[in-house]
Amino acid sequence: MIVIIVVLKICNLVLTIFAFATTSSFDAYTSFTVSCPSEQKIVRVQFEYPFRIENISIAQRQCSESTQAGSVNLVGNYASTAKFYVAVGVIAFVYCICAVVVHVFFDTAYRSNATIPALDFVCTCVLAMLWLVSVACWARNVGDVKKYTSPSEIMKYMNDCHQYGCQEGYNGNYSSLNVSIGFGFLNWLLWTLNLWFLYKETSWYKKVEPWVMTDKDDIHLEPHLHRKSFTEESLHKISKSNESIEDLNITSNPNYSDKTLNGVKSALTNGVSKSCSLPNYSTRSKESVLETTLKWKNRDWV
């Protein structure tokens, strides 16, 4: 399960980089041609991130014969939405790096502390929601950016275009913005997919789906537990043992955590094969409980 989570986090990391990089590095222009009596005047309009389109000013007098004065500003300011989208990407990028480091180098602490998986789940929920909100707003604003920077829209405000006539030139290349929207929605889908795997690591899931051993269960241990397999005969041997807990001196063993030892006591008291229900234990903890129980209860065959 942890491997799947790490792989998803790495995929999130890559998609996040593409999402905010394609937005923050955007730079484009559009153009149109004014049919002046003496020449064909090409007017080029440059715009870039963070898309404060209203700050772009174009002189009204483009032809030498024109008597127009002053300038015209384009419509729209999309800086807040663009910056919000990029900020979500940067936050998600940093969080992915931190999460991968925790899963790879501090896996034991992640599994033994119920607060960390819960916090990871909640943070992922928040980031998934932020991705959805930010990409939805950004997709709408990209449409407005295309509209108000198009030559046909700009020519409406140019007096020389009304007087002498204008032709559309270059309509701009918005492919990078389209790609950024696509990566945004992919991020939202992938972060949402993460939630199911993270939820299964929390104590909430383990309480809803308690783990109960039955006689037919065959548990395969992790590599560090030598991958032993617990058969029906082995489980019966544990549950039928009459040796007292006190005689086993479990609490004096420094190689096992308190959580594992408590699980062992529960297994010894209730019987593993029939009634050992451990809802608050991860898969690795349960395996450790069974392994430790076997070692203490059945020293002659472990």
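**A tour from W138**

Select W138: its relative accessible area is 0%, so W138 is buried (buried means under 20%, exposed over 50%, partly exposed in between, with a 1.4 Å probe and protein chains only). This is a predicted model, in which local features need pLDDT of at least 70 and side-chain atom pairs pLDDT 80 or more, while totals for chains, interfaces and linings use all residues. Residues are numbered from 1 along each chain as its sequence is written, and side-chain values use heavy atoms, without hydrogens and water.

Y85 and W138 form a stacked aromatic pair, 6.1 Å centre to centre with 20° between the planes. Rings of Phe, Tyr and Trp (its six-membered ring) pair if their centres lie within 6.5 Å; planes under 30 degrees apart are stacked, over 60 edge-to-face, the rest tilted. Y85 lies in helix 2 and W138 in helix 4, so the pair ties together parts 53 residues apart in sequence. Helices are DSSP runs of H or I, at least four residues, and strands are E runs of at least two, numbered from the N terminus. Y85 is buried too, at 0% relative accessible area.

Now show the aromatic cluster: F26, F47, Y49, F51, Y85, W131, W138 and Y174.

Next, display helix 2 (residues 79–105) with helix 7 (residues 175–199). Their axes are 12 Å apart, at an angle of about 45°. Axes are lines fitted to C-alpha atoms over the stretch in contact, and angles run from 0 to 180 degrees between N-to-C directions. To finish, colour the contact (heavy atoms within 4.5 Å): Y85, A92, Y95 and C96 of helix 2 meet S180, I181, F183, G184 and W191 of helix 7.
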